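Have the coordinates open while you read, and check the points against them as you go.

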2 protein chains.
Amino acid sequence: MAGLEGVDNGGHENLTMVESREWVMVAYAAKGIPTSDHLKLRTTKLSLDADSIPKDHVAVELLWVSVDPYLRGRMSGQDEGLYFSQFALDEVITTCGIGRVIRSKSSKFSKGDLVSTSFFPFSEYFIIEATSLQVVDQTAGIEISTYLSALGVPGFAAWVAIEVIGNPKSGSNVFISAAAGGVGMFAGQLAKFKGCRVVGSTGTDEKVKLLKEEFGYDEAFNYNKEADFDAALSKYFPNGIDLYLDNVGGKMLEAVLNHVNARARIAVSGMISQYNQVWTEREGVRNLLNIVGKEVRIEGYLMGSHMDRFDDFTKAMVTYTKEGKLRSKHKIYYGIESFIESLGSIFSSSNIGKVVIQVKP
Amino acid sequence: MAGLEGVDNGGHENLTMVESREWVMVAYAAKGIPTSDHLKLRTTKLSLDADSIPKDHVAVELLWVSVDPYLRGRMSGQDEGLYFSQFALDEVITTCGIGRVIRSKSSKFSKGDLVSTSFFPFSEYFIIEATSLQVVDQTAGIEISTYLSALGVPGFAAWVAIEVIGNPKSGSNVFISAAAGGVGMFAGQLAKFKGCRVVGSTGTDEKVKLLKEEFGYDEAFNYNKEADFDAALSKYFPNGIDLYLDNVGGKMLEAVLNHVNARARIAVSGMISQYNQVWTEREGVRNLLNIVGKEVRIEGYLMGSHMDRFDDFTKAMVTYTKEGKLRSKHKIYYGIESFIESLGSIFSSSNIGKVVIQVKP
């Protein structure tokens, strides 16, 4: 990446033209985990000179990105009413990330500012409208990766599930699937803060231990070792389930519906067991009739509809983080080229906590 | 039925001992429609003399009963968290009905009063606590059968779905399955009163006509003639579905989930397609993932939890009935012995409107 003149951004003095690698969707993946057949790392040249940046726009260098399960849903090519729309073919995909302003034509941002948004182009460099960005507060003494974790997509998904959709009373029986994943690890802790009894399911014994010893879950089990989810839930929920945070869907949701208490709530954050199949080939949930007699409410939610609560969320999570009360695990992949591997890792039993990519140090 | 002395109740002067026929559950029906293998009409003798009636109790002669789909759920012998509990074996079943007080030891009721409750013993004569009964107002000029229809179980189920759970705005797109059944016929009319566009599915062309011509539905279709529910919903809901009142479950619910708008509500009153199968043999719903991206809420409800609104409901429905605005159809079976036939009829495509039994003229 050779600089010519004019952009003073510390590490990248005088750049006017950069080579920028970016992830492009070249073919949809109806089934399975997307591979290099579907996603290509394309190199383009981008002019960063003053004339190339429109008014109220900034040039950004990408530092971190958040790798979340919902991205898979945007790659299927099937408009099932899923999260957001499908990524357009031959265009750069987007994800939540953190970047640094390297040139600004906006009064809102100065070079060097760290900025974030939910829909960054997944490019090493890009020019973006300033109004779509938030400043990342570097004075709070919080690690940058935390802004993509406890203070980012998974933290907010967990907070909305527990505080807004579920809102369990103290003493409620709360079940969380994919409990050691990005959303689950925070949701369990938030439910514990509210005085609930919390049980999680996860995919390895190592993660069962982690849930109980690090994240404060009352109980946890390895679903790969339970031939009968129904029996497992009988064992771990002798008094039934009041709130289920569903991150997986499918057979676990079906089992939960056999253990719900009257007026139980099921907050559906995602259904990770369902993303890699065409919907007509999925195993259906056969006992939905149970929601009538128990007056159960099953509710899907998206974070975008709860942005009016984002400040409340940030305040709460910053407090918990500073008090050392909220524990977190994340796996960092390095370099933009690690995206396919990191995306695949989310769907593997061995994944623990939040997955992020550090695009640049 | 021979009288000896003392009970002056008009049609049954001087009864002290009566023969009373009553429906008893003798075996559960895991699958299919219950038959005489499961339900027996037993004859017992009941003493109605003053000493046999405890304080604050009344003797009642059964006049009408309401035959509703939820009764089927209480006969499966499977505790799936269904509506209420299973009927006890070798005991008299219960249902919503209207009777006449023939002897009273309660200051609340006099002989000749018409009374109702949701849990009458299904017996020609019985003694019951007065506190469990409501008076049926005979001065309102409303047909008695209407108290089991517009003002009874199906009317209240419809009203709660539309006014409490769904609460659609004017202009919303509302879909109702089993639309010509007891709940559906009222729900569609209530949604029309709120300014919605209402489409119903039903099982015969005759009922399609009825829905459009009598009940004011904008559109209706015969699901028995639609090979592809998805295609039918594409046709009838070009702008998607905002509220679905689910009375059937199964494949129709699955199809609806492919047509829901953002923040659609699905009020689940019952799932009549699901009652006659063991749950593990039912066809599952495979596309529940759609509820996340569309932020759909699926909610089961029981009338018992909404009794605080019963007076509002009654007031509204009495007004609509007196204004001639609310149309109703019911099928009357005659005699207590017609119960098995009338119960089976609910699950048949040919059933129209509310099913009741006139036990005595």
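The points below go from the overall picture of one chain to single residues.

1. Ground rules. This is a predicted model, with local features needing pLDDT of at least 70, side-chain atom pairs counting only at pLDDT 80 or more, and totals for chains, interfaces and linings using all residues. Residues are numbered from 1 along each chain as its sequence is written, chains are lettered from A and ligands numbered from 1 in the order in which they are written, and side-chain values use heavy atoms, without hydrogens or water.

2. Chain A overall. I get nine helices and 16 strands in chain A (DSSP runs numbered from the N terminus: H or I of at least four residues for helices, E of at least two for strands). The radius of gyration of chain A is 21 Å, close to the 21 Å from the globule rule for 361 residues, so chain A is as compact as a globular protein of that length. That radius is taken over C-alpha atoms, and the rule is 2.2 Å times the number of residues to the power 0.38. Along the principal axes, the C-alpha trace of chain A spans about 70 × 45 × 35 Å.

3. Of its 361 residues, 58% count as buried (under 20% relative accessible area; exposed is over 50%, partly exposed in between, with a 1.4 Å probe and protein chains only). Chain A exposes about 14,000 Å², with carbon and sulfur atoms supplying 48% of that (Shrake-Rupley areas, 1.4 Å probe; for residues, only the protein chains shown count as cover). Among contacts in chain A with a separation of 6 or more, residues 24 or more positions apart account for 68% (contact means heavy atoms within 4.5 Å).

4. Helix α5 of chain B. Which residues of α5 (229–236) in chain B are buried? They are B:F229, B:A232, B:L233 and B:Y236. They cover an arc of only 95° around the axis, which puts them on the same side of α5(B); the arc is that of the directions from the helix axis to the C-beta atoms. Their cover includes β8 (173–176), β9 (197–202), β10 (219–222), β11 (241–246) and α6 (250–257) of chain B. At the start of α5(B), a side-chain oxygen of B:D228 comes to within 2.9 Å of the backbone nitrogen of B:D230.

5. Two residues of chain A that touch chain B. A:R297 sits in β14 (297–300) of chain A and is buried, at 18% relative accessible area. Beyond its neighbours within four places in sequence, A:R297 contacts A:A264, A:R265, A:I266, B:R297, B:I298 and B:E299. A:H306 belongs to the loop between β14 and α8 (310–322) of chain A, and is buried too, at 13% relative accessibility.

6. Backbone spots to check. B:D90, in the loop between α1 (70–73) and β4 (94–104) of chain B, has a positive phi of about 65° although it is not a glycine. B:R263 is another non-glycine with positive phi, near 60°. B:R263 is found in strand β12 (260–268) of chain B and is partly exposed, with a relative accessible area of 46%.

7. Cysteines. How many disulfides are there over all chains? The count is zero, taking a disulfide as a pair of cysteine sulfur atoms within 2.5 Å. A:C196 is buried at 2% relative accessible area, and B:C96 counts as buried at 8%.

Definitions and conventions:
A polar contact is a pair of N or O atoms within 3.5 Å; within protein, one must be able to donate a hydrogen and the other to accept it, and residues adjacent in sequence count only if both atoms are side-chain atoms.
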